[in-house]
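Good morning, and thank you for joining.

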Amino acid sequence: MLEPTPISPKKTALVLPGGGARGAFQVGVLKALAELLPRGSVNPFPIISGTSAGAVNSVVLASKARRYRTAVAELEQVWGHFRCEHVYRTDHLTMLRSSLHWLASVVTGGWLRFPRSMLDNSPLRALLSRNVRFPRIQTALDNGWLDAVTITAAGYGSARSTSFFQCADTQASWSRTRRVGINTELNLDHVMASIAVPMIFPPVRIGGEFFGDGAMRQATPLSPAIHLGADRILVIGIRNEVVDRSPDIMHPQAYPSFAQIAGYMLDALFMDGLYSDLERMTRINQLLDSVPAKRREGVLGEMRPIDTMVVVPSKDLRDLAYEYRKELPVAVRALLSGIGGSRQSESRLLSYLLFEREFTRALIDLGYRDAMSVKEQLLAFVTGKAVPRLFAPEWVQHDLITVHGDQPTAAAGR
């Protein structure tokens, strides 16, 4: 018999950003929470919002919302046994063909049509097709185990961030500047579109438009969860926020390689918009707190404070990826080496593409430890309890809980 999840007076949303192989860190945090909640608990997040790799984790949680611990165990099983070949084709012939195709297209000035992407991710589509039962999302909605789930992708034709969502009620679609929400029945194409990293994975057609990775154009990653009624938002990030030292004149930086630039672009794509959105929410919360509650309705309309909590890695995942670089298939290693991705300083791209179980298991373990280091605050936040204000990290002046450096730091509330 199912034990009920502790009832929260607030509607808590889970926001899972993209991050390629780094998405395994999210599984570790979710695993810790599964152990903290009563055995047999249903999904503790009425609203789940995912982008890119986070979209994969989101639909698994949503489709298995009846038993949260089982859902997380299945995520751990998949992420803990990943091989690159499960995500994209890694055989020598495919790698060689792709490289030659790009070269020939450049040499012929585009006479030979450019390939759709650098990598073929059809193995991932097959894996998700076998393991995700999308009709079960509606079952979860009908039974009250879930209120809404949303997946964000970027439309190449409309140049808009599109959040495809499925919900229990008749939630209306929304439209804002360069972003829309569309009420629809989710399927595998929505997930594959959300993870279609530009240039690396091919875009996916939904209706009459091609879509790519949801992190593109997603200037407000928290917006879909708020539109769907979230009062609290738990964000599981995939980047630690210790700022790199700036190069000085005595130790000038080497000319950036293609791999370094590509990794930099992915890092900005997946996370910078999220932290900008958190800072913006901070300002709104401060404005709301400055207005007496009885005057808010008339002065500020429908605006409401949103509690947030963020858990991020305590280690630099670039360094962790470099430790496991030799686990990459030889053909992929050769490709990365060819574009300048063999040095430790250029391992940012590697950390997004290293879908190998040794690395993903290390990320799961790290996420588990980091979440357990703030377990009291994490459990209190998810179950709707008040969390004492402890510390606001410098990287964003917001009421957060975050794991930072070697020691956890925490703050919560509004």
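I shall go through the ring pairs and then turn to charges placed over rings.

Please keep in mind that this is a predicted model. A search of the whole structure finds seven aromatic pairs. One of them joins phenylalanine 165 and tryptophan 174, with 5.1 Å between the ring centres and 10° between the planes, and the pair is stacked. How accessible are the two partners? Phenylalanine 165 has 0% relative accessibility and therefore counts as buried. Tryptophan 174 is buried as well, its relative accessible area being 7%.

Next, consider tyrosine 324 and phenylalanine 359. Their ring centres are 6.3 Å apart and their planes stand at 50°, so this pair is tilted. Where do the two residues lie in the chain? Tyrosine 324 belongs to the loop between helix 11 (317–323) and helix 12 (330–338), whereas phenylalanine 359 is in helix 14 (residues 357–372). The pair therefore ties together parts that are 35 residues apart in sequence. As for accessibility, tyrosine 324 is partly exposed, at a relative accessible area of 23%, while phenylalanine 359 counts as buried, at 0%.

There is also a cluster: Trp79, Phe82 and Phe355 are linked by ring pairs.

Finally, the charges. Which residue lies over the face of tyrosine 368? That residue is lysine 31, at 5.3 Å from the ring centre. In a further case, arginine 232 is placed over the face of phenylalanine 381, and here the distance from the ring centre is 4.7 Å.

Methods: Residues are numbered from 1 along each chain as its sequence is written. This is a predicted model: local features need pLDDT of at least 70, side-chain atom pairs count only at pLDDT 80 or more; totals for chains, interfaces and linings use all residues. Side-chain values use heavy atoms; hydrogens and water are left out. Rings of Phe, Tyr and Trp (its six-membered ring) pair if their centres lie within 6.5 Å; planes under 30 degrees apart count as stacked, over 60 as edge-to-face and the rest as tilted. Buried means under 20% relative accessible area, exposed over 50%, partly exposed in between (1.4 Å probe, protein chains only). Helices (H or I, at least four residues) and strands (E, at least two) are DSSP runs, numbered from the N terminus. A charge sits over a ring if NZ of Lys or CZ of Arg is within 6 Å of the ring centre and within 35 degrees of the ring normal.
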